[in-house]
Amino acid sequence: MTLTQAAPDELEAHFEATLARHERIEPRDWMPEGYRRTLVRQIAQHAHSEIIGMQPEGNWITRAPSLRRKAILLAKVQDEAGHGLYLYSAAETLGVSRLELTELLLAGKQKYSSIFNYPTLSYADVGTIGWLVDGAAICNQVPLCRTSYGPYGRAMIRVCKEESFHQRQGYELLATMMRGTDEQRAMVQESVDRFWWPALMMFGPPDDASPNTAQSMAWGIKRHTNDELRQKFVDMSVPQAEALGVTLPDPALAWNEERGHYDFGQPDWEEFMEGVRGNGPCNAQRMAHRRRAHEDGAWVREAATAYAAQVRDAVS
Amino acid sequence: MTDRTSGRELSAEGGHGAVPLQGVPTGQGVQAPEPEWPLYEVFVRGKRGLNHVHVGSLHAADDRMALLHARDVYTRRNEGVSIWVVRADAITASSPDEKDPMFAPSGDKVYRHPTFYDIPDNVPHM
């Protein structure tokens, strides 16, 4: 309901004032087109990441080592689907349709996080993904609970509550294996060796190569820089690795008394960029699987639509 | 760091890992070829004695499917004892802006609040 027609600069000033008061922007508020587009990209691709993110672990559901682990993994993968749906729901409040976002993913025009283009080669990877990959996601997502766009922040609050279960089940899985045989301990170490660097890449390239961070921070969409988040993750992970009894595969990793933080090496950014360009280890496989699942589900969607129409006709 | 092939910048705030925030289409807001199921808004009563609260939305072919999907998406951990689903196109909404003239009539009526009235300190239970 528009009761007044305000001038554009007045709208912009009002938008800025809302941000300055640290209040949330809500769906029917006026917002700059750049703000809206940045949010659509961020939220939609976050949603795609959750949906594609079901694949690496879903791979292991039928081969879980016990009924307990199977129930946990099923619940976790179902949560990832749920996270994707909360996020699509938030993206739709910005005036895009769900189908359109799905098409953009399937066409490869919108991306998802490159972390899901790495293969899961052993069951230990289920634990490592929970501990490191979901741990890194928590570092990114906790500040997003206070992001300036209301529906995004609310979706993140729900996601973060559930993500804590994901990280803990992963860590517990690894801790159980570390109390097992030498072979199991070796599996954990091998898995951590493969996932440590990709987990660091999840925070994106270094700040000096991210010229648009300032705009996103001014809009309250982004709360910390990529490097700040990465440092936080490393500081959190080192004592966790020690308690677990695994070695993080970085010779440069050392406590820096002066900074009060751990120093650490840089991941291979060329490998990261290859993944973004579509040339990571599993990009083609992940996309092919997603397309196939979408096409294979077409008859279910059509049947549900036909049934709904039938019931509606019978009532009227 | 920008991807030299497309000039994209990547932000950690993709949430579950960095995603490019430039050079990515954001959709036209147009309907795709396949007709989309209607959008439903979902409201959940957390426990007895509380109001239903809006939690998000979902798409479903009909009301019953909307209810079942709402259960699966929004109440996987005992978040609710009752769910309402309402077709989004059936909702009439005001602007959320607090400065909207819509809410002006209540802005200047301080006498509607109990704190408007001075009561001597020695009067109990008021």
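The following questions and answers concern a predicted model. Residues are numbered from 1 along each chain as written, and chains are lettered from A in the order written. Local features need pLDDT of at least 70 and side-chain atom pairs count only at pLDDT 80 or more, while totals for chains use all residues; side-chain values use heavy atoms, without hydrogens and water.

User: In which sense do strand 4 and strand 5 of chain B pair, and over how many bridges?
Analyst: Strands are DSSP runs of E with at least two residues, numbered from the N terminus, and two of them pair if DSSP finds at least two bridges between them. Strand 4 of chain B spans residues 39-45 and strand 5 of chain B spans residues 52-59. The sense is antiparallel, over 7 bridges.

User: Which residue in the turn of the hairpin formed by strand 4 and strand 5 of chain B has a positive phi?
Analyst: The hairpin has 6 residues between its strands. B:Arg45 stands opposite B:His52 in strand 5 of chain B. The positive phi, about 100°, belongs to B:Gly49.

User: Why does A:Arg154 count as partly exposed?
Analyst: The side chain of A:Arg154 meets that of A:Glu26 in a salt bridge (2.9 Å, N to O), defined as a side-chain nitrogen of Lys or Arg within 4 Å of a carboxyl oxygen of Asp or Glu. Buried means under 20% relative accessible area, exposed over 50%, and partly exposed in between (1.4 Å probe, protein chains only). A:Arg154 is therefore partly exposed, its relative accessibility being 44%.

Key
Helix = DSSP H or I, 4+ residues; strand = E, 2+ residues; numbered from the N terminus.
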